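Please read the points below alongside the sequence and the coordinates.

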Amino acid sequence: MDNPSYSAPTEEIKAALQNNDPAAAAKKIQAYLEEQKNIPLNIAITGESGSGKSTFVNAFRGVKNKDKGAAPTGCVETTFEVKAYPHPKYPNVTLWDLPGIGTTNFPADKYLEYVGFEKFDFFIIISDTRFRENDVKLSKEIQKMQKKFYFVRSKIDHSMRDEEESQEEDFNAEKTLKLIRENCMKGLQGQGVESPKVFLVSSRKLHLYDFHLLQETLDRELPEHKRNAVLLAMPNINLEIIKKKKEAFKAKIQYHALIAALVATIPVPGLSFLVDLTTLQKPVMEYITGFGLDSDSLQKLAGSAAAGIIVSSLLFLFQFPVFCLLKTTEIDMDNPSYSAPTEEIKAALQNNDPAAAAEMINAMRDEEESQEEDFNAEKTLKLIRENCMKGLQDQGVESPKVFLVSSRKLHLYDFHLLQETLERELPVHKRDALLFAMPNINLEIIKKKKEAFGAKIKWYAAGSACVASVPVPGLSFVVDISLLVKTIKEYQIGFGLDSSSLQKLAESAHVPLSDLKAVMKSPLGATQITNDVLINALRLSTFQTALFTAEEVSHFIPLLGIPLGMAFSFTSTYNALDMFLNMLAEDAQNVFRKALGLNTPV
């Protein structure tokens, strides 16, 4: 409901004019404009710990996470108390970064009382995955207070990137966004939230996804006297917001003009001119701040590498001679740190293609984000791990084993440590089962698989020798070939050298299948193992051929034939399996290096 105390004091102005007091009327108008400019707006940003609340607070205020006065962000819980963050340009607009609900520090049942919910104008509930029970509890309590609340699904750029990697050529951005949005809404409705308003937002890329829809919703649903406050505090994420800001500023021009007219009625030479200058200066400075054309904003924009062209496009839209007011802005566009494809951006704007220009600018911003000076991967991983362990220990878990894993990139981070831990702690008879089921995430696992396969060769060879004791010509050879075929298939699958595994690896590593096959030296990789294939492979070794021949001949030798045959059978089977195991292990290593772009020897 709109507050009548913020409406224009038309009756008081009329009374002053009727009393022939233009100075009083001008003063009333000026007081009204100041009151409008300082209308307080308190926005609560809440949600579960780690959902990206602080990053959203900074993005909304147009500050970077490392800037002075920014809300502290990080990969672990960083918000421990209710903290106010006034907008740097519009201090009447305050974003309140609230601690994560549901943590051990801030349990849900005491959370509402702790943060003092009654002072906020509206609430933004943030989650970086699906909205959970604590989020729903919050929304229901807010609803009881008859205040507005909005759900923001954060880090949507991460989700989109993951989906694109997963779906590859089947990826469709529009369908994926629709699916995520519908899933969030369905989950909330399933927990009793009626008609939830859900917005998909990337705090690092506010110009993408649903942030503009959030702005439009706030513009519709906030009390009229508070709409300008949120509009002017919004970052300029698109041309529509710039247009709306222009309209909001324009609506006040009549009041500034009226002040000038009223002062002009006072018969003091030169007074009107001086007051006009002052009257012009204040609103024009507000325009410069609102459009992000002040020195500080321009410097930040210059740091994103495309200042000159963006500023000129804003000035064109503004169509106001403010160049003289920008003379204090000193941006060295020749500085290589600010280099940018300005000619390409200019061309895109001249061709009336702002989308292409925006794409270039955003690409540069992404590059800048990826080169943050303070980022240290090792320290960050250590911090996350320690934070997880501390949280578990605080809840009574003794000596927790925590592993940091990316399911899409198992070769990174701690998956190998998980494998090593399981190998140590599982019963001995179950370790090989786990090892063979593990994907080849590093050369060490390939080596361990080779050792595990190698440890069984003597048993296969012993079984072959036992069959050779049966005095039936040709039986031992047939059984040996069958044994070899079965065992080589196990090697092939265990090392991921079967056709299906190689095809999947080629797709996930974005390496042509032909390139993976090219580094394989044995005749057994990516091949259907049959008796004929194996016999042809054996023929490549003169020694193996001689052993099998000697074994068959020994069956015709009286008395000594059986023990000789058993010895030859053991040796031929052992050497054949050892030879093929070495071949396939080497192929597995070569394929692994090729898939990851490695050229180092094992």
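**Pocket and helix packing**

1. The model is a predicted one. In it, the second largest pocket has a volume of about 1100 Å³. Its lining comprises 37 residues, and those nearest the pocket centre are Pro439, Asn440, Lys504, Leu505 and Ser508.

2. Two or more lining residues of the second largest pocket come from each of α6 (156-167), α19 (428-437), α20 (443-455), α22 (475-494), α23 (499-509) and α27 (561-596). The largest share belongs to α23, which supplies seven residues. Sorted by class, the lining of this pocket holds 18 nonpolar, ten polar and nine charged residues.

3. One of the pocket-lining helices, α6, packs with helix α7 (residues 173-190): their axes come within 11 Å and cross at roughly 125°. At an angle between 115 and 145 degrees, neither perpendicular nor antiparallel applies, and α6 and α7 are therefore oblique to each other. Their crossing is right-handed.

4. On the α6 side, the contact with α7 involves Ile156, Ser159, Met160, Glu163 and Gln167, which meet Ala173, Thr176, Leu177 and Ile180 of α7. Five of the residues in this contact are nonpolar, three are polar and one is charged.

5. Another helix of the pocket lining, α22, packs against helix α25 (residues 531-539) at an angle of about 100°, with the axes 10 Å apart. This angle makes α22 roughly perpendicular to α25. Phe477, Ile481, Leu484, Val485 and Ile488 of α22 form the contact with Asn531, Leu534, Ile535 and Leu538 of α25. By class, eight residues of the contact are nonpolar, one is polar and none is charged.

6. How are helix α2 and helix α11 arranged relative to each other? Helix α2 (residues 22-37) packs with helix α11 (residues 253-264) at about 160°, and their axes lie 9 Å apart. The angle is over 145 degrees, so α2 is roughly antiparallel to α11. In passing α11, α2 makes a left-handed crossing.

7. The residues that α2 brings to the contact with α11 are Pro22, Ala25, Ala26, Ile29, Gln30, Tyr32 and Leu33, while α11 contributes Tyr255, His256, Leu258, Ile259 and Leu262. Ten of the residues in this contact are nonpolar and two are polar, with no charged residue.

Methods. Residues are numbered from 1 along each chain as its sequence is written. This is a predicted model: local features need pLDDT of at least 70, side-chain atom pairs count only at pLDDT 80 or more; totals for chains, interfaces and linings use all residues. Side-chain values use heavy atoms; hydrogens and water are left out. On a 1 Å grid over the protein atoms alone, a cavity is a set of points where a 1.4 Å probe fits but cannot get out, and a pocket is an open set with protein on both sides within 12 Å along at least five of seven lines; lining residues have an atom within 4 Å of a point. Grid points are joined across faces, edges and corners, and a volume is the space filled by probe spheres set on the points. Helices (H or I, at least four residues) and strands (E, at least two) are DSSP runs, numbered from the N terminus. Ala, Val, Leu, Ile, Met, Phe, Trp, Tyr, Cys and Pro count as nonpolar, Asp, Glu, Lys and Arg as charged, and the others, Gly among them, as polar. Axes are lines fitted to C-alpha atoms, for helices over the stretch in contact, and angles run from 0 to 180 degrees between N-to-C directions. Angles under 35 degrees count as roughly parallel, over 145 as roughly antiparallel, 65 to 115 as roughly perpendicular and the rest as oblique. A crossing is left-handed if the near helix is turned anticlockwise from the far one by less than a right angle, and right-handed if clockwise. Contact means heavy atoms within 4.5 Å.
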